[in-house]
Every structure is written in C-alpha cells, then in structure tokens.
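Please look through the sequence and the model below. Then read the report beside them.

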Amino acid sequence: MNAKIMVLNGPNLNLLGVRQPDIYGRDTLADIEKRLRARAQSHGLAIDMRQSNHEGELVTWIQEARTTCAGIIINPAAYTHTSVAILDALLACEFPVIELHLSNPHQREEFRHRSFVTLVAKGVIAGFGAHGYELAVDAMAKLLKDQGAEPKPEKREARKRAAK
Ligand code: DQA
C-alpha cells in the first residue's frame, strides 16, 4: 500500500477561491486537492486532505495521523500564530511535518511573523500560492525517500553493537 500523507488545512481555508483572492488566489481547496492527489500519486504517495475551522478537530486529526500516516503537511492558517495545542500535537508525532502557507506571512502584518508550528516543522513553504501544496508534497516525497535510505536510529545502534 502507498504511504499516506495527511494534508491539514485550518480555519477559513474552506473559503479559498472567494476569500481575499488577491492574497490567496482563485483556486478552491477542491481544485488544489485534485492536483495534489495526482502529484502525490506520481511519487507513489496517497493523501488524506482535510479542512477544519476548529482547533480541537485539527488536534484530533493530528493524533489520528500519528498511527495512520507517514507525514503531515499542514497549513494551520490563523492557528499558525496562536496554537500551542496544535504545536503540542505535532510534537507528539515522530514523522516529518511540513508547514505550508499560500501567502508569505513575513511580508504581512507583524502578528503573522510568529509561528508556533515552525518549532516542529522540518521546513516551511510559503508565498507560492496554491502551487505550494505541490511543492510541499515533492519535499515530503524526498524526505521519506531519504529517511527510508537511512537506517533508523535503533537499527544504527544495533549495527554498531553487531560490528563490535
Ligand atoms: C495563511 C496565512 C495565515 O496568516 C492566515 O491566517 C491564513 C492563511 C496562508 O496560507 O497564507 O488563514 O496560512
């Protein structure tokens, strides 16, 4: 079975396409999901893409991903800048986390410059609009490939012991 990546979207991203299109573009979340699914498939990955306006629901989905997914791509939207709960849920995950934004928050209001999620993210993709989702899945595919090539820490230790 293909490895599955959870792609989470936070509050107001259900309004993509009509919400401040000058900032977020004209693509809807459904448009983005369609392209993303094809891109993921080309890497041999499956995606589980979800959106919620509720912090707790996002936390529950992150907890679910711990046991069902190989990584998370997350656009936490406004919760990026406020949510310790989402950070804590991500900290409990052992797989790669990629933070994603359509806009570049660092070019915007100062309150958007702080991200809690960055503390746990392997990397951040921001400012490329809807295309950022595909960039994120490309980055995730490479991370998982490299991770598969490298022995896991416990295996490395076991090899060291075996070499003695
Ligand atoms: C966003 C940036 C956030 O600051 C904002 O609250 C969003 C969307 C982005 O994708 O650019 O809702 O995460």
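## About the model

This is a predicted model, in which local features need pLDDT of at least 70 and side-chain atom pairs count only at pLDDT 80 or more, while totals for chains, interfaces and linings use all residues. Residues are numbered from 1 along each chain as its sequence is written, and side-chain values use heavy atoms, with hydrogens and water left out.

## The nonpolar cores

A nonpolar core is a set of buried Ala, Val, Leu, Ile, Met, Phe, Trp, Tyr and Cys residues joined through side-chain atoms within 4.5 Å. Buried means under 20% relative accessible area, exposed means over 50%, and partly exposed lies in between (1.4 Å probe, protein chains only). The largest core has 25 residues. Ile73 and Tyr133 touch the most other members. Several elements give two or more residues to this core: strands S1 (3-9), S2 (45-51) and S4 (97-101), plus helices H2 (29-42) and H5 (131-149). Helices (H or I, at least four residues) and strands (E, at least two) are DSSP runs, numbered from the N terminus. H5 gives the largest share, 6 residues.

Take Tyr133. Leaving out residues up to four places away in sequence, Tyr133 touches Val7, Asn9, Leu13, Leu29, Ile32, Leu36, Met49, Asn75, Leu100 and Leu102. Contact here means heavy atoms within 4.5 Å. There is also a second, separate core of 21 residues. Its members include Cys69, Tyr79, Cys93 and Phe116.

## The ligand site

Which residues surround the ligand? They are Arg19, Tyr24, Asn75, Ala77, Ala78, His81, His101, Leu102, Ser103, Arg108 and Arg112. To count as near, a residue needs one of its heavy atoms within 4 Å of the molecule.

Ala78 uses a backbone N or O atom, 3.2 Å from a ligand oxygen. His81 uses an N or O atom of its side chain, 2.7 Å from a ligand oxygen. Ser103 has a polar side-chain atom 2.5 Å from a ligand oxygen. On its own, the ligand has 320 Å² of accessible area, and the protein covers 99% of it. Such areas come from the Shrake-Rupley method with a 1.4 Å probe; for residues, only the protein chains shown count as cover.

## Helix H4

Helix H4 spans residues 84-91. Ile86, Leu87, Ala89 and Leu90 are buried in H4. Seen down the helix axis, the buried residues fall within an arc of 165°, so they line one face of H4. That arc is taken from the directions from the helix axis to the C-beta atoms.

What do the buried residues of H4 pack against? Their partners are helix H3 (55-68), strand S3 (71-75) and S4. At the N-terminal end, Ser83 caps H4. A side-chain oxygen of Ser83 lies 3.4 Å from the backbone nitrogen of Ala85.

## Two positive phi angles

Asn12 is not a glycine, yet its phi is positive, about 75°. Asn12 sits in the loop between S1 and helix H1 (21-24). Its relative accessible area is 35%, so Asn12 is partly exposed.

Ala77 is not a glycine either, and its phi is positive at about 50°. This residue is in the loop between S3 and H4. Ala77 is buried, because its relative accessible area is 11%.

His101 belongs to strand S4. Is His101 buried or exposed? It is buried, with a relative accessible area of 8%. The side chains of His101 and Glu99 make a polar contact of 2.7 Å. Beyond its neighbours within four places in sequence, His101 contacts Asn75, Pro76, Thr80, Val124, Ile125, Ala126 and Gly127.

Leu16 is in the loop between S1 and H1. Leu16 is buried, with a relative accessible area of 4%. Leaving aside neighbours within four places in sequence, its contacts are Tyr24, Asp27, Thr28, Leu29, Ile32 and Leu102. Ala139 is in helix H5. Its relative accessible area is 31%, so Ala139 is partly exposed. Not counting residues up to four places away in sequence, Ala139 touches Ile98 and Ile125.

Conventions. A polar contact is a pair of N or O atoms within 3.5 Å; within protein, one must be able to donate a hydrogen and the other to accept it, and residues adjacent in sequence count only if both atoms are side-chain atoms.
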